[in-house]
Amino acid sequence: MQTHELLPFRKNLSEQGVILCYNGLMTEEILSGIGATIKHKMATGHTDKQVARGLFSLFVEQVQNVIRYSVEKETAPHGNGTEEVTLRYGLLVVGMESDRYFVACGNMVDKQDVAKLHGNLTHIKSLDAEGLKALFRSTLKGETPSGSLGAGVGFIDIARRATRGFEFDFADVDEAHSYFSIKAYI
Amino acid sequence: MATLQIDGTDRTPQVCFDFDNNRFSLVGESYPEDVAEFYGDLLSQLTAHFDTLRGEALQFDFNLVYFNSSTAKVVMRLFEALEEAAQQENRVVVNWHHEEDDDNMREMGEEFSEDLHKAQFNLLVKEG
């Protein structure tokens, strides 16, 4: 990409309120680095502390979700080469639309998992604060859902922190894969 | 048993488990890369120690700035272990520290405390 391509790209991002945008390998180092940057950005602005904390939380949950579950991945040797590390791809956008911040992430998922993920998220989206609290508790107490590497509560936490709501979507990529995206507002 | 002390990092809390005096604390941030790797051993040491206690006074201070949802599962396990210790004739005090304007952190403490019956729970606003 040359300047004549980058400038319109930049203009397009800025028109959509994008503060920060990252696409590519989503690693723990990226999480740490961008996380620190988001904290700096929030501290230097006039952002309400509650909003700043919530935004950071939305960022961590979404990025860890990509790091754990994106199926677009590659393995690379780690350390002395006897271990392998899995690197996963994803997309992160942090921005502002009118008076609300948003955090959005996108990653590839297996098409066979779409129905289940869609069902889970539809259910979470339908719940009010009390319902989310109850589901959060029961999920923390219960067995971790199969196929889940974390506590399985990430999406519930996102829904609780997203005081201005959240959206999610899927798009077909090829026969085996769909692209999943989630956008949470605060 | 000695004191177990781990320095805090950007993503993991400072851990201080003083097994001799039964004072325990987690201070700082908690969104580790691998929650099981960071907390697994700590949890087993703690529960093994609690199992030996009868008629003791113990205090656990949660002084966290931020924790992610995977850590929330660990916090719930800790609360369960603390309540069990209280059921075994120990005097258990759980202190949950939060910044005055951090409603979310206060509410999380309140929610976790719903599992405490014999253990005493205190919400404490951080000074300054």
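Me: Before we look at pairs, what counts as a salt bridge here?
Reply: A salt bridge is a side-chain nitrogen of Lys or Arg within 4 Å of a carboxyl oxygen of Asp or Glu. In this predicted model, B:E99 and A:K49 form such a pair, with their closest N and O atoms 3.1 Å apart.

Me: OK, and how many salt bridges cross the interface of chain A and chain B?
Reply: The rule finds 13 across that interface, while the count over all chains comes to 20. Across the interface of chain A and chain B there are also 18 residue pairs in polar contact, both residues being at pLDDT 80 or more.

Me: Which elements of chain A give two or more residues to the side that touches chain B?
Reply: They are α2 (28-44), α3 (49-69), α5 (129-141) and α6 (154-161) of chain A, and the largest share, nine residues, comes from α3(A). By residue class, that side of chain A divides into seven nonpolar, eight polar and 12 charged residues.

Me: How much area do chain A and chain B bury between them?
Reply: About 2,300 Å², with 41% of it on carbon and sulfur atoms. In chain A, the residues that lose the most area to chain B are A:R53, A:R137 and A:L140, which together account for 23% of what that side buries. As for contacts, 27 residues of chain A are in contact with 23 residues of chain B.

Me: Back to charges, which residues are linked in a network of salt bridges?
Reply: The network links A:K133, A:R137 and A:K141 with B:E80, B:E114 and B:D115. Within it, the side chains of B:E80 and A:K141 meet at 3.9 Å, N to O, and this pair crosses between chains, from helix α2 (residues 69-87) of chain B to helix α5 of chain A.

Me: Changing topic, what about A:K11 and A:E15?
Reply: Their side chains meet in a salt bridge of 3.1 Å, N to O, and because they are four residues apart in helix α1 (residues 3-15) of chain A, about one helical turn separates them. Both A:K11 and A:E15 are exposed.

Me: Where do B:E110 and B:R106 lie?
Reply: Both are in helix α3 (residues 103-113) of chain B, four residues apart, about one turn of the helix, and they form a salt bridge whose closest N and O atoms are 3.7 Å apart. B:E110 is partly exposed, at 34% relative accessible area, and B:R106 is partly exposed at 26%.

Methods
Residues are numbered from 1 along each chain as its sequence is written. Chains are lettered from A and ligands numbered from 1 in the order in which they are written. This is a predicted model: local features need pLDDT of at least 70, side-chain atom pairs count only at pLDDT 80 or more; totals for chains, interfaces and linings use all residues. Side-chain values use heavy atoms; hydrogens and water are left out. Contact means heavy atoms within 4.5 Å. Buried area is the accessible area (1.4 Å probe) that two parts lose on being put together, summed over both. A polar contact is a pair of N or O atoms within 3.5 Å; within protein, one must be able to donate a hydrogen and the other to accept it, and residues adjacent in sequence count only if both atoms are side-chain atoms. Ala, Val, Leu, Ile, Met, Phe, Trp, Tyr, Cys and Pro count as nonpolar, Asp, Glu, Lys and Arg as charged, and the others, Gly among them, as polar. Buried means under 20% relative accessible area, exposed over 50%, partly exposed in between (1.4 Å probe, protein chains only).
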